[in-house]
Amino acid sequence: MVVLTGAGISAESGVPTFRDAQTGLWERYRPEDLATPEAFARDPELVWRWYAWRRELIGGVEPNAGHRALADLENRVPRFTLATQNVDGLHRLAGSRDVLELHGDISRTICSRERVTVDLEGLQGEPPVCPGCGAYLRPDVVWFGEALPVEAFEMAREAAHESDVFLSVGTSSLVQPAASLPDAALAGGATVIEINPEPTPLTPHADYALRSPAGETLPALLPAHGGA
Ligand code: OAD
């Protein structure tokens, strides 16, 4: 079984989905104009402050029943792969052990030149600079136009192609290459199930499209009494 999740699974935790309107002082910006290497080169402080705001937003939220159901499912299925486009870390917080973070993790910071993880503890500045080489630090997330972590994506694609069941949960299925994972599953003969209150480009190709929120639907997929 392979599950691909997007921002929709965190919506019921109170995390605005990626394409929800930005709120507050970020209202006048489009994420597509901030989450790019060009935006960071042009105005590192603005991009750093946007991510600091999003880290703040995510700092106070908890995983919901949908995240927890997937963590439970991982223990009941012989082979289970969870790939997420989310950078909020809520799957690991819910107890999922083996998570492929296709777009990185907003709580991790890296040197923009060396790409090594850097501990923010005690560092000042917006953005701070790398203690090792002096380059700006940046969030460890995939920006528009950047490549996904190759190994994580390859593992997700192979697992999708070998899967019997592929679940697409809470993603608009718009952004490549993550949106091509269901195609790999279909090509491998998997049963594809979509959980999303809205239709997406995947809907016509899915075997089942469950038009309901993940927080209600995923727990309903679990065996009721803890059976295998
Ligand atoms: P989007 O904001 O594009 O889509 C969120 C999807 O979740 C929509 O299709 C909603 O209908 C659905 N949704 C909303 N509430 C839901 C709920 N309670 N249960 C289930 N589904 C719900 O977010 P993503 O598809 O994750 O990439 O966006 C994919 C990528 O686009 C992001 O990772 C980001 C962006 O470009 C990068 O930043 C590289």
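In which helix is the place of Arg157? Arg157 belongs to helix H7, which covers residues 150–162. Helices here are DSSP runs of H or I with at least four residues, strands are runs of E with at least two, and both are numbered from the N terminus. This is a predicted model, in which local features need pLDDT of at least 70 and side-chain atom pairs count only at pLDDT 80 or more, while totals for chains, interfaces and linings use all residues. Residues are numbered from 1 along each chain as its sequence is written, and side-chain values use heavy atoms, with hydrogens and water left out.

Arg157 has a relative accessible area of 31% and therefore counts as partly exposed. On this scale buried means under 20% relative accessible area, exposed means over 50%, and partly exposed is in between, with a 1.4 Å probe and protein chains only. The side chain of Arg157 makes a polar contact with that of Glu154, at 3.1 Å. A polar contact is a pair of N or O atoms within 3.5 Å; within protein, one must be able to donate a hydrogen and the other to accept it, and residues adjacent in sequence count only if both atoms are side-chain atoms. Neighbours within four places in sequence aside, Arg157 is in contact with Leu181 and Ala184, where contact means heavy atoms within 4.5 Å. Between Arg157 and Gly125 there are 32 residues in sequence and 39 Å in space, C-alpha to C-alpha.

Pro149 is in the loop between strand S5 (137–141) and H7. The relative accessible area of Pro149 is 33%, so this residue is partly exposed. Leaving out residues up to four places away in sequence, Pro149 touches Glu101, Leu102 and Val142. Glu27 is 122 residues from Pro149 in sequence and 30 Å from Pro149 in space, C-alpha to C-alpha.

Next, the protein as a whole. The secondary structure comes to nine helices and eight strands. The C-alpha trace spans about 50 × 35 × 30 Å along its principal axes. Buried residues make up 47% of the 228 residues. Of the contacts between residues at least 6 apart in sequence, 63% join residues at least 24 apart.

Helix H5 (residues 65–74) contains His67. Seven of the 10 residues of H5 are buried: Gly66, His67, Ala69, Leu70, Ala71, Leu73 and Glu74. They pack against strand S1 (2–5), helix H1 (8–11), strand S2 (81–84), helix H6 and helix H9 (214–221). At the start of H5, a side-chain oxygen of Asn64 reaches to within 2.7 Å of the backbone nitrogen of Gly66. Why is His67 classed as buried? His67 counts as buried because its relative accessibility is 0%. The side chain of His67 makes a polar contact with the side chain of Ser10 (3.3 Å). Beyond residues up to four places away in sequence, His67 touches Ile9, Ser10, Ser13, Leu90, His91 and Ala94.

In H9, the buried residues are Ala214, Gly215, Thr217 and Leu218. They pack against H1, H5, strand S6 (165–169), strand S7 (191–195) and strand S8. Ser212 is in the loop between S8 (208–210) and H9. The side chains of Ser212 and Thr217 make a polar contact at 2.5 Å. Not counting residues up to four places away in sequence, Ser212 touches Ile195, Asn196, Pro197 and Thr217.

One cavity of 30 Å³ or more is found in the whole structure. A cavity is a set of points, on a 1 Å grid over the protein atoms alone, where a 1.4 Å probe fits but cannot get out, and lining residues have an atom within 4 Å of a point. The largest cavity holds about 40 Å³. Its lining consists of Thr84, Asn86, Asp88, Gly89, Leu90, His91, Arg92, Val99 and Glu101.

Terms used. On a 1 Å grid over the protein atoms alone, a cavity is a set of points where a 1.4 Å probe fits but cannot get out, and a pocket is an open set with protein on both sides within 12 Å along at least five of seven lines; lining residues have an atom within 4 Å of a point. Grid points are joined across faces, edges and corners, and a volume is the space filled by probe spheres set on the points.
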